[in-house]
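Welcome! Take a moment to look over the sequence and the 3D structure below, and then we will walk through a pocket and a helix.

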Amino acid sequence: MRLRRFLALAIPLACAVLFVRLGVWQLSRLKEKRAFNATLSARLAAPPADATMLPADTALGHYRRVSAAGTLLYDREVVYAGRSHEGSPGVDLLTPMKIAGRDTVVMVNRGWAYSEDAASLDNSRWKERDSVRVAGYAETFAGTERGTPPRAQRRVHALDRAAVQALVGLPVAPYIVTQTSDSAPHRDSIPVRLTIPALDEGPHQSYAIQWFSFALV
């Protein structure tokens with residue numbers, strides 16, 4: 001009898017403690033998201049920087065507005081597989097940009113293109129001008145490719161600098177320029193430009209309220 005009473009009290013209390021902990025965790029996630037939004041807003045509000053002049057510490061240059069001018073090397077282009085746009089499968093096109101006076105190329109994410117299997121693509125269809133000036137924001141190589149991508153496929157599934165550099169065959173800068181310039185509706189031969197990350201707080205606050213409500217009940 002005493003054991004039953006103990007369990008009848010202990011189990012709800014244990015659940016309440018767990019729910020409170022989950023609520024606190026969601027509030028912590030909300031705090032992190034707000035800090036990220038503040039950093040993102042500040043960097044996007046700053047004047048555009050030259051892509052070759054960003055800080056060596058990529059954490060300080062991530063999401064900075066940037067511009068770059070040079071020649072796009074379409075024959076060394078890499079497909080970033082497994083991307084989607086408005087529910088459709090596709091890939092992003094990572095094209096090396098050769099900048100005058102520099103041995104290191106800058107990868108430009110020119111945008112998204114439809115691919116039925118989200119992996120294979122006829123790259124020649126998506127070729128634009130050779131000499132260009134692009135504007136966008138700085139992205140970093142934060143992924144890890146599993147295995148060694150076959151050179152014949154010229155495809156990666158993660159933003160892994162070493163894997164991309166192996167496919168390009170040239171030294172690759174530590175930043176990617178995610179192109180947002182020329183973002184109006186495009187012809188079928190121009191990739192859909194990517195957009196700036198959304199400044200939203202996500203569902204963390206509502207989730208925290210739910211967990212605290214469960215604890216109270």
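## The second largest pocket

Strand β6 (residues 131–140) contributes most to the lining of the second largest pocket, giving 3 residues. Strands here are DSSP runs of E with at least two residues, helices are runs of H or I with at least four, and both are numbered from the N terminus. This is a predicted model, in which local features need pLDDT of at least 70 and side-chain atom pairs pLDDT 80 or more, while totals for chains, interfaces and linings use all residues. Residues are numbered from 1 along each chain, and side-chain values use heavy atoms, without hydrogens or water.

The pocket holds about 180 Å³ of space. Of its 16 lining residues, Glu128, Arg129, Val132, Asp182 and Arg193 are the closest to its centre. A pocket is an open set of points on a 1 Å grid over the protein atoms alone, where a 1.4 Å probe fits, with protein on both sides within 12 Å along at least five of seven lines; lining residues have an atom within 4 Å of a point. The volume is the space filled by probe spheres set on the points, which are joined across faces, edges and corners.

## Helix α3

Which residues are buried in helix α3 (residues 161–168)? They are Ala163, Val164, Leu167 and Val168, where buried means under 20% relative accessible area and exposed over 50% (1.4 Å probe, protein chains only). Alanine 162, also in α3, counts as exposed because its relative accessibility is 53%.

After α3 comes glycine 169, with a positive phi near 80°.
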